[in-house]
Amino acid sequence: MKRILIADDDSTHVETVSQALSGVGYEVKTAADGRTAQSLFEAEKFDLLIVDVILPVMTGAELVQLIRMTEKGKTVPVLMTTGLFKSPGEKTHAIERYRISGYLTKPFPTDELLSTVSGLIGGGVKTEKPGTVSGEIAGIINGTTTSKLLTYVHQNRVTGILQLEQGDYYRKIYMMGGFPVYAASNISGEVLGRHLVAIGLISHADYERSIETMTRTARRQGDVLIEMGVITSDDLYEALRSHIREKILNAFGWNTGHYILRRTDAEFGNIEVFEYDINDIMLTGIRRFYTADILLPELKRLTSLRLMKADKSDTVISRLSLMPAEKMTLDAVDGKLTLGEILDRRKDRLLSALQSIYALLLLGVLRIHIPDRTGTAKTSSSLPPRSEGHVAAEQARLEQMVRDQTATLRKDFQSQLEQMDQRPAESAKAPVKSKLAASIHSRFVDVMKKNLFDVLGVSASSREVEISAAYQREASKYPPFSLPRDIEPEARQEAEEAFARVQLARDTLLDPERCKQYLAELHALEGRTNPPPAVHANETERWFAKGRDLLEQKRYMAAGEAFQKAFELNTSELESYAFWAWTQYLENRESRPPLLCRQVTDMIDGVLRDQPGSEAANLMRAEIALDNGEPETARIWIQAAMQTNPSSAWARELLKRIGQLGS
């Protein structure tokens with residue numbers, strides 16, 4: 001029987017993972033801190049380690065470093081897990097530095113865990129509980145479960161339903177492309193009528209009259225209230241939007257029960273889909289429901305580690321509606337202070353500091369610096385990675401700080417709730433969206449719910465140049481670098497995320513190994529392949545000639561559309577594809593946005609891979625090199641073009657330009 005050691009201090013998570021592994025025939029042992037895990041590993045034989053990144057006493061990274069220094073630990077497979085924070089380069093760093101075999105983000109589907117473990121060490125018997133679905137995640141709710149689940153859903157762009165259950169009561173949060181869009185519950189206090197009374201849109205008497213009519217006619221309450229003349233249809237829409245937002249936020253208040261997350265859009269047909277900012281939902285939910293007592297177990301194990309701003313976090317920060325105290329906490333993060341030191345400096349506003357740091361960790365604005373002691377650990381596991389006494393003292397100091405301020409923290413929390421309750425209309429009213437923002441949102445929703453083949457409109461049999469062309473077509477729809485400066489922040493974020501998914505589609509489908517793996521995942525999840533789109537083949541020459549004519553007139557946008565049409569009619573005509581790319585470069589030649597330049601050169605290089613002797617493509621690359629101040633590189637491209645056409649006028653013109661640069 002294969003033996004597995006789990007090192008994790010999250011007892012709920014450990015119980016779930018242990019049961020899943022034991023249920024398929026593995027023997028499991030657990031340790032709640034790094035030192036205990038190290039002792040168990042030294043005393044017994046294990047075939048696999050599952051190690052959380054953050055552990056008491058020593059971090060998971062330090063534990064793995066010490067294990068790798070032992071003879072039997074050099075080759076043992078290790079799975080790393082993380083749940084609280086995400087660092088962009090963390091996965092790559094861990095794989096390279098500690099020879100990690102896999103990296104899972106909590107919460108993860110049981111079938112993903114079992115498949116990964118089986119692939120690493122074999123063994124185990126595949127079993128499925130009745131009613132379970134591949135990719136489904138289930139578990140027990142504790143104080144901060146909702147925030148972690150919403151973070152997981154958002155980062156993995158999940159479309160599905162998160163259901164929380166407490167006895168006979170349930171809440172459902174509908175997610176589309178990683179964003180909450182609707183919520184439902186069977187809790188009597190969360191009906192629409194009571195919300196309308198709470199926000200002052202109708203009186204209690206109006207509510208009672210509408211209930212009587214609903215009982216008699218079996219009609220919906222909103223329709224009844226409109227007919228009564230109490231509210232308008234616009235009032236109803238805005239109130240319904242704020243009502244759904246409240247239902248989503250109230251899920252943060254559940255800290256017992258069970259949850260299940262299902263990837264599906266089967267139940268989305270009959271609901272009104274709304275838009276909610278995940279940053280607003282996360283910050284508001286944590287402010288409203290997470291007290292210092294709830295956050296202390298999550299954060300105290302990090303107190304001796306340095307807190308840093310994540311790479312490229314400025315974009316996210318600009319979209320956050322932080323309160324003054326939260327901004328001060330964020331300003332205190334300089335990469336040198338530990339979490340404990342920052343909280344000590346902000347002890348005058350300790351509740352706000354705890355809430356904001358936890359929220360910003362989940363949102364990816366902040367990250368924890370994991371110390372790398374590979375170079376300093378010289379001999380054996382007897383060398384302590386960190387002072388256990390120092391770690392314990394830091395945690396005790398934070399616990400004492402919270403105890404000393406119990407009365408103040410309760411008062412601050414109550415005051416915070418009262419301030420939030422005084423602004424219901426501000427939260428309930430949806431901002432007026434520009435037409436451009438609405439179009440971007442429609443595009444975003446469409447891209448996020450498609451698989452990567454459908455995102456580009458290609459099939460598994462499409463050639464590299466067809467994939468590149470499809471990418472260029474899709475990437476030209478609301479690219480982030482072309483948006484006006486005053487576009488709504490939410491629209492800019494959605495444009496960036498849709499653009500990133502289009503890029504992911506291109507990178508995945510152009511890489512044979514990644515494409516093969518993705519196809520296998522699609523077969524498993526969908527049981528189908530994407531049919532190739534229809535291919536047209538007529539009038540190519542006419543459109544190409546029209547493009548050249550428009551290019552001579554310097555009507556670059558129209559020329560690009562003509563070349564694109566020519567290529568789409570005959571995808572074997574790569575010269576049309578090259579000129580399509582070239583027109584985009586010429587149109588933006590003065591500003592030369594880096595991202596656009598990379599796209600253009602990728603397109604031209606795609607042509608050269610299939611047709612290395614293409615005169616036009618080689619000379620286009622030569623011109624780009626000259627624009628970048630690289631005459632010698634340009635000369636190489638010109639020579640390649642002249643091997644095809646020694647009398648090329650374009651090539652001679654470029655050589656003359658190089659000579660002028662030299663003189």
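Which residue in β4 is the bridge partner of Ile-50? Leu-79 is that partner.

This is a predicted model, in which local features need pLDDT of at least 70 and side-chain atom pairs count only at pLDDT 80 or more, while totals for chains, interfaces and linings use all residues. Residues are numbered from 1 along each chain as its sequence is written, and side-chain values use heavy atoms, without hydrogens and water.

**Strand β3**

Helices (H or I, at least four residues) and strands (E, at least two) are DSSP runs, numbered from the N terminus. Strand β3 covers residues 48–52, and five of its five residues are buried. Buried means under 20% relative accessible area, with a 1.4 Å probe and protein chains only. Leu-48, Ile-50 and Asp-52 lie on one side. Leu-49 and Val-51 lie on the other. Two strands pair if DSSP finds at least two bridges between them. β3 pairs as follows.

| Strand paired with β3 | Sense | Bridges |
|---|---|---|
| β1 (residues 3–7) | parallel | four bridges |
| β4 (residues 78–82) | parallel | four bridges |

Ile-50 of β3 is also the bridge partner of Ile-6.

**Helices α25 and α26**

Helix α25 spans residues 540–552 and helix α26 spans residues 556–569. Their axes, lines fitted to C-alpha atoms over the stretch in contact, come within 8 Å and cross at roughly 160 degrees. The two helices are therefore roughly antiparallel, a term for angles over 145 degrees. Residues in contact have heavy atoms within 4.5 Å. Among them are Trp-543 and Phe-544 in α25, and Tyr-556 and Phe-563 in α26. The contact residues divide into eleven nonpolar, two polar and three charged.

Key. Axes fitted to C-alpha atoms, helices over the stretch in contact; angles between N-to-C directions. Parallel < 35°, antiparallel > 145°, perpendicular 65-115°, else oblique. Nonpolar A, V, L, I, M, F, W, Y, C, P; charged D, E, K, R; others polar. Buried < 20%, exposed > 50% of the residue type's maximum accessible area, 1.4 Å probe, protein only.
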